[in-house]
Amino acid sequence: MSAPCIDIHSHFFPRNAPDFARKLGAGSGPWVTLHDHGDGTGMMMLGDKPFRPVHSALWDTAARLVEMDASHVETQIICATPVMFAYDAPAVEAAYVAASYNDLAIEFCAPSGGRIRALAQVPLQDADLACAELTRAMRAGCVGVQIGNHVGPREMDDEGIVRFLAHCAHEGAAVLVHPWDMMGGERLKRWMSAWTVAMPAETQFGIMAMILGGAFDRLPRDLRICFAHGGGGFPYLLGRLENAWHRRDVVRGDSKHPPSHYLDRFSVDSAVFDPRALRLLIDTMGTNRIMVGSDAPFPLGEEHIGDLVRNQPDVNPADRAAILRDNAKTFFRL
């Protein structure tokens with residue numbers, strides 16, 4: 001099958017990123033930089049340490065379009081790599097960093113003829129500055145915002161984060177929540193466990209905070225929010241959470257309803273990499289709450305974008321089309 005798709009979860013890094021260390025001082029950061037090897041490959045650096053091997057589709061729009069065409073990707077939504085968030089920097093510095101990357105993201109999209117669209121980043125550690133940058137970035141052409149699932153110890157039900165999400169609803173900005181700053185410490189250094197274990201756990205924790213912390217009960221229903229990586233462990237462990245909610249008062253937190261009541265309040269992407277996992281995701285969330293997400297162009301993203309959905313057995317044509325394109329068109333108002 002080669003049906004076109006919309007990929008709502010991909011990343012970029014600009015070749016010409018500002019020298020934040022020079023602008024903000026040697027004590028700031030560490031900041032992400034790009035070493036372009038000149039042969040289509042490169043290395044993202046975090047300070048003076050290698051962070052991730054990459055290739056030119058990360059920073060070259062033409063190369064990205066070639067890869068999109070090869071996977072029959074009609075439109076792709078790009079966003080920052082979470083290491084660029086700067087949530088631990090002073091808020092004013094993080095606001096400058098966010099605005100710089102947002103402008104460069106829009107510049108990256110410009111040659112694509114509308115096929116590549118950008119999500120903003122914001123200084124989420126300061127709700128007022130985050131709201132201001134979200135509004136500016138949306139006016140400049142972003143279609144929404146990507147945020148991390150927490151800011152230090154502040155989870156998704158934090159008053160400032162909830163106030164920012166309410167502003168997103170007011171502005172009509174779609175929200176993608178991406179796991180970052182993973183729990184687990186030294187234990188995560190083996191087997192890329194930060195990616196294989198902790199990222200799904202962080203995503204699940206973000207959804208739980210919005211449910212049990214009462215965030216969904218305080219937010220307008222027209223907030224469009226999506227959790228990356230298929231909702232992490234949440235779909236598989238929903239029954240465990242539901243059982244605990246009914247049997248122990250301490251689990252309920254500030255939520256007015258059991259966890260399953262909130263399944264129509266958020267969406268997830270399809271980045272689960274296995275047809276059995278996608279089947280569970282469909283059975284849990286419904287086909288109208290799932291969109292294609294690839295995590296491209298990183299090495300552990302979906303190699304052939306959209307093929308997991310295209311080849312999923314026992315999905316009728318209307319539901320397949322919804323996951324491949326229709327849900328994303330509505331969610332991002334494309």
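1. Starting at the end of the sheet: Asp-269 has Met-291 in β11 as its bridge partner. Strand β10 (residues 267-269) and β11 run parallel and are joined by 2 bridges. Strands here are DSSP E runs of at least two residues, helices are H or I runs of at least four, both numbered from the N terminus, and two strands pair if DSSP finds at least two bridges between them.

2. A word on the source: this is a predicted model, where local features need pLDDT of at least 70, side-chain atom pairs count only at pLDDT 80 or more, and totals for chains, interfaces and linings use all residues. Residues are numbered from 1 along each chain as its sequence is written, and side-chain values use heavy atoms, with hydrogens and water left out.

3. The open sheet has 8 strands with parallel pairing, in the order β1-β5-β6-β7-β8-β9-β10-β11. β1 (5-11) and β11 (290-291) are at the edges with a single partner strand each, so one side of each has no neighbour in the sheet.

4. Then there's the hairpin. β2 (residues 32-36) and β3 (residues 41-46) run antiparallel, joined by 5 bridges; Asp-36 has Gly-42 in β3 as its bridge partner. With 4 residues between the strands, the hairpin has Gly-38 at a positive phi near 85 degrees.

5. On to the helices: α3 (residues 91-109) and α4 (residues 127-140) pack at about 15 degrees, axes 11 Å apart. Axes are lines fitted to C-alpha atoms, for helices over the stretch in contact, with angles from 0 to 180 degrees between N-to-C directions. α3 and α4 are therefore roughly parallel (angles under 35 degrees count as such).

Terms used: Parallel < 35°, antiparallel > 145°, perpendicular 65-115°, else oblique.
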